[in-house]
Amino acid sequence: MAKIRPFCGVRPAGELAEQIAALPYDVYSSSEAREIVEKNPLSFLKIDRAETQFPKGTDMYSEQVYDRARDTLYGMKESGEFVQDEGPCYYIYALTMEGRTQTGLVCCVSIDDYLNDVVKKHENTREEKELDRIRHVDACGAHTGPIFLTYRSNSATRQMIAKALESPALYDFVSEDGIRHQVWKVEDSRWQEEMTELFCSMDSLYVADGHHRAASAVKVGLKRRAENPGYTGEEEFNYFLSVLFPAEELRIFDYNRIVHKVDQELLQKLPEILQEKFQVASTGEEIARPHAKGEMGMYVDGTWYLVTAKDEIRSEDPVEGLDVSILQNEVLRPLFGIEDLRTDPRMQFVGGIRGLKSLENAVDQDHSAVAFAMYPTSMEELLSVADCGKLMPPKSTWFEPKLRSGLFIHEF
């Protein structure tokens, strides 16, 4: 059973939501974040990336940076730029991109559900990436960015969400990237009880995006438990901020790969070598966009190829059958010697939102590189991998649109 509950949200004063809302902290480099904060002093990045408030060259992991994040958050609350709802609320968050809308329930999820695998994962996390958010969340005493979770919906949850959307929106704005963001607040106690019960009957929730943020939030909760040995389990630190979206509304983009520093002789022979296990067809200068599972595009030496896996290397296994696994097992590891995608400096990952032309441009600038355009992993593949307790290769999914940070804050 999945244990969720409403919370007294800290959120932007209505007219400031558009200015405060920001993409997640890890989307930007430090210099990019600094540029945005300079242009928009209300951007939540000044809290999520508090090094932007110090001179260039300041250690972004220094204690003073985390202290500044906390001071800025509570300073904005004292000044009225953030307000806090008096009673526990659920919130509905809808994002519309290119005419497609995904509508999620903003709530708090039990850290015990994460620890007991009621909240299922499909990626590993790295301790060094967790540490920054652990320190940030702990210093702020708040979850400042929601975890992107998904679930298999049913008619009852759909009807409840539809009912909540009948009231006027709390926020309704279009961000600079063209995404429409709408938020509703649900205070009705009966609605809250019914929605809580509906999720209580579910066996599983799934991390769609934000594995490191989720792990960090849980570790801070465990730290607070250790500091408060008499805890009851009902304290706010026992829950982490999440948005739950029905799986059928989500869209996964391709997550493409570029390999750099490849031997020139290997690059020239690559189309021929791959013919042993793949069907390889040149498309010349026309981008070879994959249109089905088992297909991928390859760009090398100024030419695009459509590369299709032969039956003998396909698999029914939830992980081994993924296109990204086939590429890793049949190409990246045996031909390029790439064992760890996360740490090999030759690997570059490009989210599908950037388009396949970006792969071509990157390879044209580095004649020792080859690019692979992937067919997107499906939601059902993601759920199947998580359900059997396995993990996908790194960088298997790229979700769009991205949730905004700063619209919902959970204090603990």
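Are Tyr 151 and Phe 199 buried or exposed? In this predicted model, Tyr 151 is buried, as is Phe 199. The structure holds 12 aromatic pairs, and in the one formed by these two residues the ring centres lie 4.9 Å apart with the planes at 70°, so the arrangement is edge-to-face. Because Tyr 151 belongs to strand S8 (residues 147–151) and Phe 199 to helix H8 (residues 189–200), the contact ties together parts that are 48 residues apart in sequence.

An edge-to-face arrangement is also found for Tyr 255 and Phe 349, since their ring centres are 6.2 Å apart and their planes stand at 75°. Here the pair ties together parts that are 94 residues apart in sequence, because Tyr 255 lies in strand S14 (residues 255–259) and Phe 349 in strand S18 (residues 347–351). With a relative accessibility of 11%, Tyr 255 counts as buried. Elsewhere, Phe 7, Tyr 91, Tyr 93 and Phe 408 form one aromatic cluster.

Charged side chains also lie over aromatic rings: Lys 121 is placed over the face of Tyr 114, at 4.0 Å from the ring centre, and the charged end of Arg 133 sits over the ring of Tyr 25, 3.8 Å from its centre.

Strand S17 (residues 303–309) is largely enclosed by the rest of the structure, because six of its seven residues are buried. Strand S15 (residues 278–284) runs antiparallel to S17 and is joined to it by six bridges, with Gly 284 opposite Trp 304 in S17. Six bridges likewise join S17 to the antiparallel strand S16 (residues 295–300), where Met 298 stands opposite Tyr 305. The hairpin of S16 and S17 has two residues between the strands, and Asp 301 in this hairpin takes a positive phi near 55°.

Methods
Residues numbered from 1 in each chain as written. Predicted model: local features only at pLDDT ≥ 70, side-chain atom pairs only at ≥ 80, totals over all residues. Heavy atoms only, no water. Buried < 20%, exposed > 50% of the residue type's maximum accessible area, 1.4 Å probe, protein only. Helix = DSSP H or I, 4+ residues; strand = E, 2+ residues; numbered from the N terminus. Pairing = 2+ DSSP bridges. Phe/Tyr/Trp six-rings, centres within 6.5 Å; stacked < 30°, edge-to-face > 60°. Lys NZ or Arg CZ within 6 Å of the ring centre and 35° of its normal.
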